[in-house]
Amino acid sequence: MLVQQGVWDMPLESMPLASGYLKAMILDDPDLNPRVSVDIANFRGGVTHGEMARRLFSRQLPDVLAFSVLGWNVRAFGALAETFKQLKPDGWVVFGGTHVAGQAERVFREHPAVDVVVNGEGEITFRELVRAHVYGRGRTDLADVEGISYRSPGGTPVTTADRPRIEDLDVIPSPFLTGAIDLVDEDGVFLYDVALVETNRGCPYKCAFCYWGGAVGQRVRAFSRTRLRAELELFAKLKVHTVVACDANFGMMPIDLELVEDLIEIKEKHGFPCAFETSWAKNKSKVFYEIVRRMKEAGLRSSFTLALQSLSTDALDTMNRRNMKVNAWQDLAEWLGEEGMDCYAELIWGAPGETVESFIAGYDELSRHVSRIAIYPIMLLPNTDYSDNKDVHGIVALRGDQDDFEYVLAHRTMSFEDNARMQRFLFWARVVAENAVLRHCWLPLRTFAGWQQSQVLSSLADWADTSTQPETAPLREAAARAHGGGAPAYGTAIGYLFAHPAGRRALRHWWEEAVSPKLPAEHRTFLDEVFRYDLLTQPVCPAAGAGSRPAADPDLPDLEELPGRDLYVRKGVLLGYDLPALLTKLRAGQPVDVSPAPTEVDLYYRSGALNAVLSTNHEEIMHFMGVPRYVRQRDRASLSGRA
């Protein structure tokens, strides 16, 4: 039995790719296939220990129980392993994954029921472990299995030689083409939120905060083009909207362009996939620019990343990170904007060398070029330079309440007070800006009112802390839970603002009470209308499920069934200005005339947004935003008559 659990409590499951690889390896082995049955238990975040135990242990118990371990599920899996051993003392428990690799001493100490820890890539190693069990080997007799740690007969940890990384990745059978992963339900509908693939493994960088599957500072190895194309063809036939490549630096090599070319051909043939997301290469080459051009021509959507992490030279030094030159990322952001391609940036708060002042200055500088900024609080991940050298930086950290990550509380350039103040800012920045609760108003506010993005977010935070409006209470509660690693609190707040009428009312109250009165009188009406447009183009998230119209929210648009997909349509929306055109010009740096120009549009929204919203997957959320289609422009007299 192979066990995975995602972090988010979503309507749809995350694809169990890691378990799929392991299962495919066992089933492909002619010796093991007739002797071994393999099941995958894939759990959503939020599932209780009891619910997982009932599924795992209410039928025939497995001989080998293997867990794909990450920081958010290690405690749950340790508890399940202990229960399993009570039920089947001679069963094997195997832990693998980035959070436990190379950490056997601590894992064995804290989780006595664990027999084996897999260090590094697990596909070949796990197959050898299963073969050892099938042929009667004991769990303390594994010295010849490379890439593991196990307990000696006396109970002390024994670590075997490292297993060389897999050079020919195609020796791992495709979990999709072999049927190792179930892809559709009984009605033939794709089971997951997105399709996950790996096109390559490895990362040439050695960032101090990162442990990318143990492949940092290593040569990139790729799956074959033939295999990847066959997987993409299968996803297209299943009408998968979004494919996500789980790569560290996609767009760095010519083979990446080949994959995009195949993806475009497949989309032209089948109509799917419609979007492709990945972690884009840190430094952009000619290959990247060609990929962007080809994707734009084909209408293949993506969110392109500026993975800067910090604009502070002191922080970048401690990260062991050679970042893009400032002019380079500014030019790239401008170019992507001119091409009409979605772009966001990544920052890490709390890296040694960073201060509150340097971070806010960097945030506002970055927001001048891209408003959607994903901010991650620094955490100490196992096997990283920051984790191994805490004393060098004076790092003080604390393990999370609900997970096993170490959250940095202070270091030589960040006090406890600094961090507490910034955690408050991070909550609102991540909820409202990163996840595009607001996305249109940032640039107009800066252009016509002189408000920096951090100022707008601070205004919302201050208002939420003091407002007596009843709609504000859920936001205050979520903000309080988010401090110290309460990641699900972000999903709660984003879901509230997108899916509940009270959340939108809270935003309106804030704007009317704390923003609009302070705006320049000559631009107030225009900026108020941009804010209204922000709310109008938010994803449609019926709280009771797609296609429904809860009585609490009668203003939901109509759901139209179209060939291949369903779309919500809000018809005849009257705007006081031609906002689609004005916002496009503003982003391109062109002069604009903000005189009233009544414009009527229909707004179209992809259905099924709730899963993306609750996962806080901002790249996916962007695919559900309202898209305008012009109906006609009206004269000013008509606007006055409709007011």
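Author: This is a predicted model. One place to start is helix 5 (residues 123–134), which lies across strand 1, strand 3, strand 4, strand 5 (116–118) and strand 6.
Reader: At about what angle to strand 4 does helix 5 run?
Author: Helix 5 runs at about 175° to strand 4.
Reader: And which strands does helix 3 lie across?
Author: Helix 3 (residues 74–87) lies across strand 1 (2–5), strand 3 (64–68) and strand 4 (92–96). To strand 4, helix 3 runs at about 170°.
Reader: In what order do the strands of the open sheet come?
Author: The order is 2-1-3-4-5-6-7, seven strands with mixed pairing.
Reader: Do strands 6 and 7 pair in the parallel or antiparallel sense?
Author: Antiparallel: strand 6 (residues 148–151) and strand 7 pair over three bridges. Within strand 7, Val-158 is the bridge partner of Tyr-150.
Reader: Changing topic. How many residues are in the largest nonpolar core?
Author: That core has 147 residues, and Phe-276 and Trp-510 have the most contacts inside it. Its largest share, nine residues, comes from helix 14 (residues 416–434). Apart from it lies another core of 26 residues, including Leu-56 and Phe-108.
Reader: Back to Phe-276, what does it touch, leaving out residues up to four places away in sequence?
Author: With those left out, Phe-276 touches residues including Val-243, Phe-250, Leu-263, Met-295 and Arg-301.

Terms used: Residues numbered from 1 in each chain as written. Predicted model: local features only at pLDDT ≥ 70, side-chain atom pairs only at ≥ 80, totals over all residues. Heavy atoms only, no water. Core = buried A, V, L, I, M, F, W, Y, C linked by side-chain atoms within 4.5 Å. Buried < 20%, exposed > 50% of the residue type's maximum accessible area, 1.4 Å probe, protein only. Helix = DSSP H or I, 4+ residues; strand = E, 2+ residues; numbered from the N terminus. Contact = heavy atoms within 4.5 Å. Pairing = 2+ DSSP bridges. Axes fitted to C-alpha atoms, helices over the stretch in contact; angles between N-to-C directions.
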